[in-house]
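My notebook is open and the structure is about to go on the page. I want to write down what I look up, one entry at a time.

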Amino acid sequence: MKEKNFFFKRRKNVYLRDILKKINFENKIFSKNILINDIQNLDVAKKNDLSFFHSSKYINLLKKTKSNFIITTPTLSSIIPKSKTKIVVKNVLVSVAKITEFFYPSSLNDQFEKNYVIGTNKKNYKSVNFGSNVLLGNNVKIGKNSSIGHNTIIESNVVIGNNCHIGSNVIIKKTLVGNNVSILDGAIIGKKGFGFFPSRNKNIKYPHIGMVIIRDNVEIGCNNTIDRGSLSNTVIGKNSFLDNQVHIAHNVQIGKNCIITGQVGFAGSSRIGNNVMIGGQAGISGHLKVGDNVKIGGGSGVIKNIPDNAKVMGYPAKDIKKFILENK
Amino acid sequence: MKEKNFFFKRRKNVYLRDILKKINFENKIFSKNILINDIQNLDVAKKNDLSFFHSSKYINLLKKTKSNFIITTPTLSSIIPKSKTKIVVKNVLVSVAKITEFFYPSSLNDQFEKNYVIGTNKKNYKSVNFGSNVLLGNNVKIGKNSSIGHNTIIESNVVIGNNCHIGSNVIIKKTLVGNNVSILDGAIIGKKGFGFFPSRNKNIKYPHIGMVIIRDNVEIGCNNTIDRGSLSNTVIGKNSFLDNQVHIAHNVQIGKNCIITGQVGFAGSSRIGNNVMIGGQAGISGHLKVGDNVKIGGGSGVIKNIPDNAKVMGYPAKDIKKFILENK
Amino acid sequence: MKEKNFFFKRRKNVYLRDILKKINFENKIFSKNILINDIQNLDVAKKNDLSFFHSSKYINLLKKTKSNFIITTPTLSSIIPKSKTKIVVKNVLVSVAKITEFFYPSSLNDQFEKNYVIGTNKKNYKSVNFGSNVLLGNNVKIGKNSSIGHNTIIESNVVIGNNCHIGSNVIIKKTLVGNNVSILDGAIIGKKGFGFFPSRNKNIKYPHIGMVIIRDNVEIGCNNTIDRGSLSNTVIGKNSFLDNQVHIAHNVQIGKNCIITGQVGFAGSSRIGNNVMIGGQAGISGHLKVGDNVKIGGGSGVIKNIPDNAKVMGYPAKDIKKFILENK
């Protein structure tokens with residue numbers, strides 16, 4: 001299932017030479033009169049997309065990538081297959097940020113949207129129940145029998161399915177919402193992730209061009225914050241329920257039928273399996289993989305991968321039997 | 001002190017046979033032509049109310065209940081006194097959910113309220129100070145010298161006492177508020193609890209017909225979330241103060257004079273005594289009893305009952321002297 | 001850098017005798033016909049300001065203070081230099097609260113502000129981009145090329161610099177904001193701190209007359225809560241970035257270039273150095289000093305001072321090498 005992202009306008013007719021100029025790359029070995037379509041992660045890039053390889057962790061993705069243009073570091077460059085065009089830079093992610101911004105010129109603008117409609121055009125939203133003071137951007141799609149609460153703001157191009165109930169004081173942007181979804185009061189969904197390059201005096205912001213995808217039958221609790229992805233998407237799987245004050249950082253993917261209780265937090269890019277239960281205030285570090293049917297006790301701090309069917313608890317999280325034994 | 005709940009309309013003239021039909025109960029042993037008044041917990045049910053017994057934990061309540069009609073499991077049914085009518089089912093809570101929804105047909109609707117008044121009728125709220133864009137439901141009562149901040153939403157039948165100060169961007173529903181109460185900006189009070197029956201592909205929602213009761217002199221911090229009870233109420237006791245970003249799940253009861261600091265979370269149904277102090281980010285698991293005058297250190301994870309006057313800290317929380325000794 | 005606080009009107013022509021009357025102080029040893037200018041902490045008080053000394057922790061500040069009028073306890077009074085006028089009371093902080101309220105009569109009123117302007121006067125805010133339903137108090141200053149999102153409330157006398165982007169549903173009061181600052185959706189900034197004197201049946205509120213100061217290039221995440229100082233200010237240093245759902249209590253001072261990730265919480269009055277990184281859900285107890293270049297792992301509970309350059313993790317937080325070793 002690969003949803004299309006209509007939220008960021010991509011620059012067309014971009015030549016490799018334009019890209020190399022943006023990152024001050026001086027190298028005359030290879031032709032630069034080639035049209036590049038987009039910048040993408042290794043796993044989804046097509047042959048005319050630029051991609052990047054900045055850690056040996058991703059070697060399996062490198063082996064399978066269709067991309068013919070890979071940005072990498074001097075150290076890693078020897079691993080890139082000879083069939084690919086290598087673009088060797090000092091800091092891969094800074095280059096990727098610059099190129100992303102070049103492809104998506106509006107991607108660093110995370111201000112509130114100024115093109116909105118106060119009230120609603122009855123023709124387009126026949127069976128939708130609107131509260132007072134709702135603001136809708138352009139081209140927002142809302143399915144049948146859905147409701148949008150008071151003071152809620154839905155920015156342009158957001159898609160909301162049928163039988164969805166959006167609460168009051170909710171903010172939604174860069175997001176696709178399935179059917180039968182409830183998003184409760186005060187939730188903020190689709191904000192850029194907390195990703196930037198630290199730099200003394202003035203940090204360098206990173207463009208986030210991913211979306212949030214919320215699948216069917218999901219419930220999102222009050223005052224939740226769910227950030228959109230940087231290049232890939234943040235995903236909440238079918239029939240997963242999130243309690244109040246949950247925080248989900250960029251690129252996190254949560255599987256189906258998960259139960260995430262109050263004040264749980266996820267750092268960026270972790271992948272959570274199906275049927276996972278997480279107790280209150282637990283925290284999941286970044287870039288981890290949590291398997292299917294995992295149970296994580298309340299207050300746990302998960303700092304490494306967890307295999308399928310495990311029950312863990314503690315900080316750092318360990319097998320729950322061990323935790324109980326040690327804390328008798 | 002037993003406050004009346006005006007928030008959910010109860011179906012009248014319900015016969016036992018109607019109820020049994022709802023849960024597909026086939027049993028011809030006992031008469032079904034009996035009027036049943038309500039569904040209630042064992043401790044508050046009257047003789048014509050239906051009640052339920054699903055765990056031997058509640059045996060003391062069973063012994064004292066006035067209810068003559070008890071839903072229970074095959075295993076537990078032998079404990080029910082012979083004077084009572086037993087309704088033996090596979091899953092007690094699923095049956096209770098169905099019957100609750102039957103008695104309270106609107107109880108599963110947790111959408112924003114559509115019947116509101118923009119602005120305010122000066123006659124009814126003579127000495128109340130309203131901000132801009134306040135939305136009030138029908139029959140909201142607000143006492144003297146109270147104030148309601150900008151963009152705040154107060155749904156139908158909510159009662160707010162004298163000298164109360166409600167901040168801006170606050171949402172209050174299904175709630176009774178005493179006198180001299182402050183509810184600070186962004187708090188969301190009275191939402192249904194995070195209770196449902198997990199089910200692959202589509203969880204089954206549970207009706208929450210309890211209220212939130214906030215007693216005199218309480219302060220509720222910014223961005224707090226306080227969920228209403230399922231059958232019983234969520235209660236914040238007199239003169240208890242809650243800091244910002246506190247989460248209180250359904251049915252939690254907090255005593256008098258408690259001090260709950262920032263980002264503390266309570267899972268469902270715990271009972272906290274009087275004069276309890278809880279440090280920042282501590283978490284209290286569900287269905288626990290915390291005694292009077294207890295002190296819980298910041299960041300603690302409380303996973304078992306705590307007796308009166310104890311001082312605990314750690315995850316899991318233990319005697320604070322032990323915690324300090326172990327962490328020297 | 002000592003910014004002026006225009007948020008609280010100070011009573012003029014206050015004599016020492018008026019102050020002593022407020023705290024029922026009966027002592028005829030020293031002259032009371034002296035004009036007192038203000039009440040201040042030891043380190044910033046001038047010679048005609050009243051100050052207070054309630055813990056031997058502050059002895060170094062006492063030695064250097066310019067204040068000639070010191071409130072203190074019987075036990076500590078012998079430490080006060082003879083050149084100063086001592087005012088010996090049972091409870092120093094209760095007296096300070098009463099005197100603060102006397103100097104700043106509106107300081108205990110933390111209700112929403114009633115004097116606001118719906119919409120905006122185009123003349124004063126030529127290059128500012130306003131969303132819908134923005135409320136501004138009197139004398140709000142907003143610099144060039146800044147934007148203020150939908151439903152956002154900015155109370156009187158708040159100063160916002162150039163190129164600032166304030167999101168939607170934000171509330172800002174008693175706050176000075178530098179240039180190039182982003183404050184994301186739902187943040188609540190400048191509320192009084194969670195400080196009061198616990199008292200059975202009705203706690204005694206404490207006046208908070210400090211501000212929040214947010215320096216240049218800062219980013220404040222969604223649904224953050226940042227409380228203003230009691231006497232001193234809450235400060236977020238230049239180029240520090242805060243993720244979503246962070247809570248910062250009164251008087252906390254955060255240095256430059258800090259990175260504070262999701263759901264981190266700070267109890268009151270802690271001082272954080274420059275270039276500090278704090279992982280998700282970590283908690284910092286009150287009145288601590290965290291040095292420069294410190295790294296604090298996610299989920300940690302910091303309960304003592306941390307020296308410069310340390311890397312810590314755990315609850316309680318300890319050297320990260322020790323933490324990893326102990327948790328192998």
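**Ground rules.** Two residues are in contact if their C-beta atoms, placed from the backbone, lie within 7 Å. Helices (H or I, at least four residues) and strands (E, at least two) are DSSP runs, numbered from the N terminus. This is a predicted model, where local features need pLDDT of at least 70, side-chain atom pairs count only at pLDDT 80 or more, and totals for chains, interfaces and linings use all residues. Residues are numbered from 1 along each chain as its sequence is written, while chains are lettered from A and ligands numbered from 1 in the order in which they are written.

**Entry 1: helix 3 of chain B.** I started with the length of this helix. Helix 3 of chain B covers residues 92-103, and its 12 residues should span 16 Å at 1.5 Å a residue. For the expected span I take 1.5 Å times one less than the number of residues. The end C-alpha atoms of helix 3 of chain B are 16 Å apart, so the two values agree.

Next I looked for its buried residues. A residue is buried if 20 or more other C-beta atoms lie within 10 Å of its own, exposed if 12 or fewer, and partly exposed in between; the C-beta atoms are placed from the backbone. In helix 3 of chain B I found Ser95(B), Val96(B), Ala97(B), Ile99(B), Thr100(B) and Phe103(B) buried. What do they pack against? The buried residues of helix 3 pack against strand 1 (14-15), helix 1 (16-22), strand 3, strand 4 and strand 5 (69-72) of chain B.

**Entry 2: a sheet in chain B.** Some of those strands turned up again here. In chain B I noted an open sheet of four strands in the order 3-4-5-6, with parallel pairing. Strand 3 (38-39) and strand 6 (85-88) of chain B stand at the edges with a single partner strand each, so one side of each has no neighbour in the sheet. Two strands pair if DSSP finds at least two bridges between them. Strand 3 and strand 4 (residues 49-53) of chain B pair in the parallel sense over two bridges. I also looked up a partner: Ile39(B) is bridged to Leu50(B) in strand 4 of chain B.

**Entry 3: strand 4 of chain C.** Is this strand buried or exposed? Strand 4 (residues 49-53) of chain C is mostly covered, with five of its five residues buried. On one side I listed Asp49(C), Ser51(C) and Phe53(C), and on the other Leu50(C) and Phe52(C), all buried, which leaves both faces covered.

Strand 3 (residues 38-39) of chain C runs parallel to strand 4 of chain C, joined by two bridges. Strand 4 and strand 5 (residues 69-72) of chain C also pair in the parallel sense, over four bridges. In strand 5 of chain C, Ile71(C) is the bridge partner of Phe52(C). From strand 4 the chain crosses through helix 2 (residues 59-64) to strand 5 of chain C, and this β-α-β crossover is right-handed. Right-handed here says that, with the strands pointing away from the viewer, the path from the first strand over the helix to the second runs clockwise.

**Entry 4: Val89(C).** I found Val89(C) in the loop between strand 6 (85-88) and helix 3 (92-103) of chain C. Val89(C) counts as buried because it has 22 C-beta neighbours inside 10 Å. Leaving aside neighbours within four places in sequence, Val89(C) is in contact with Ile23(C), Phe25(C), Ile71(C) and Ser95(C).

**Entry 5: backbone notes.** The peptide bond from Tyr315(A) to Pro316(A) is cis, with omega near 0 degrees. Pro316(A) lies in the loop between strand 36 (311-313) and strand 37 (318-319) of chain A. Then I noted a positive phi of about 55 degrees at Gln245(B), although Gln245(B) is not a glycine. Gln245(B) sits in the loop between strand 25 (241-242) and strand 26 (247-248) of chain B. With 31 C-beta neighbours inside 10 Å, Gln245(B) counts as buried.
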